[in-house]
Amino acid sequence: MSSKKEQEPEGEVRFAPPGEVTARSVRRELTLWYAAAKRDLPWRRTSDPYAIWVSEAMLQQTRVETVKEYWPRFLERFPTATALAEAEEEAVLEAWSGLGYYRRARSLQAAARVIASEHQGVFPRDLGAALDLPGVGPYTAGAVVSIAYDVPAPLVDGNVERVFARLFGMEGVRASGPLGRACWAAASFFVERLEGAVRPSVWNQALMELGALVCTPRAPRCDECPLAEECVAKARGNAVGIPRPKPRRASTEVELEVYVIERGGRWLLEQRPEGGLMGGMWQFPTVEVTSSGLFPEELGPGLAPVVEPEHDLIALTHGITHHRIRARVRSARMAASGGEGAAWFGPEEAAELALTGMARKVAERLAPARDPLFDRS
Ligand code: SF4
């Protein structure tokens, strides 16, 4: 039986603004620390708002080390918002392939088109105009206008939420509405009261950097922290428990059969329907054995009558959001010509396509002599 406490809805979390002495000390200690400890990241060497925006879009859900590889390559291919706006979607998805969450790439291009048509190709400096761009939320808008233009705009990402929650002892659930509102209030409080030489770009990045390097989720290094003296969670000894984790969502098990149909050194790949999950991306013909709805349970109409599975090649596991996928990769042959919605590609041509993450894994394993084109991990 669940306790009364468990049944209660998540309560409000309140940000109580600190006094001027504490606020000043937090500002000073954090920015001094940042000047000495910040990482030399490539996107910190530019003030180009477009380049900063691309880095922010990539950094959501992706590790810094991975973004270091993708960011310069993407900018080389699409050096301006206008270039991105005018590119073929297929080319954008291909440049994004491997970063996952392709909706981000599509949103980036949709917003680039608005920037090209309504803002003379320049990411807007105004926070409200930035927020009006498709797919640009409060975090990204705040990050770009504060970092690129030094506009005193607040931002809260997972790192900043953790720092503020611990610093002010705000006990709420991670990424929940109540804690989020309290942390945005804290972010606004500080960024609107910067003084002296402390610029919004420095302040916001310092907060994020502290969360990334010192106030880490499981092992905060309070002994090295510039805010240790002001920190409520440290004084209470409960930093690791703040913020509370979200209740776990059970993952769905998905079983797939993936068919590798080869002819003259080329693979038959099919394009996923536009509009759905991973819409427009290419994959090996795939059917779902289970019924999660993530993949169709039958091959598309052009393939269903003509594909004949032969023998097993490899087994793979893969994860997409809350789905744990196990794939049985089988060779197959075409019993007749056909393949509506599908086409033949050699490994090098396939490497240039916007492949799903699963298709890329299969291609990496099967490409003759491990074609370096696929080696992006
Ligand atoms: S003292 Fe510890 S818990 Fe507090 S902000 Fe610093 S690292 Fe985080």
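1. Counting by class, the shell around the ligand holds seven nonpolar residues, no polar ones and two charged ones. Here Ala, Val, Leu, Ile, Met, Phe, Trp, Tyr, Cys and Pro count as nonpolar, Asp, Glu, Lys and Arg as charged, and the others, Gly among them, as polar. The residues around the ligand are R166, V214, C215, C222, C225, A228, C231, K234 and A239, where near means that a heavy atom of the residue lies within 4 Å of the molecule.

2. A word on the ground rules. This is a predicted model, where local features need pLDDT of at least 70 and side-chain atom pairs count only at pLDDT 80 or more, while totals for chains, interfaces and linings use all residues. Residues are numbered from 1 along each chain as its sequence is written, and side-chain values use heavy atoms, with hydrogens and water left out.

3. Where does the ligand sit? The space it takes is the largest cavity. A cavity is a set of points, on a 1 Å grid over the protein atoms alone, where a 1.4 Å probe fits but cannot get out. A molecule sits in one if more than half of its atoms lie within 2 Å of its grid points.

4. The chain is assigned two domains, domain 1 (8-241) and domain 2 (252-374), with bounds from an automatic or database domain assignment. Their C-alpha centres are 36 Å apart. Eight residues of domain 1 touch 14 residues of domain 2, contact being heavy atoms within 4.5 Å.

5. Now for strand β1 (residues 252-263), which runs parallel to β6 (residues 323-334) with ten bridges between them. Strands are DSSP runs of E with at least two residues, helices are runs of H or I with at least four, and both are numbered from the N terminus. Two strands pair if DSSP finds at least two bridges between them.

6. β1 also has antiparallel neighbours. Three bridges tie β1 to β4 (residues 286-288), and E257 partners V287 there. Another two bridges link β1 with β2 (residues 266-271), again antiparallel; the partners include E262 with W267 and R263 with R266. Two residues separate the strands of this β1-β2 hairpin, and G264 takes a positive phi near 60 degrees.

7. β2 and β7 (residues 342-345) run antiparallel with four bridges, and L269 stands opposite A343. β2 and β3 (residues 282-283) pair in the antiparallel sense over two bridges, with Q271 opposite W282.

8. Two backbone spots deserve a look. I242 and P243 are joined by a cis peptide bond, omega about -10 degrees, and P243 lies in the loop between α13 (232-236) and β1. Q120 is not a glycine, yet has a positive phi of about 50 degrees; its place is the loop between α7 (102-118) and α8 (127-131).

Notes
1 Å grid on protein atoms, 1.4 Å probe; cavity = no way out; pocket = protein on both sides within 12 Å on 5 of 7 lines; lining within 4 Å.
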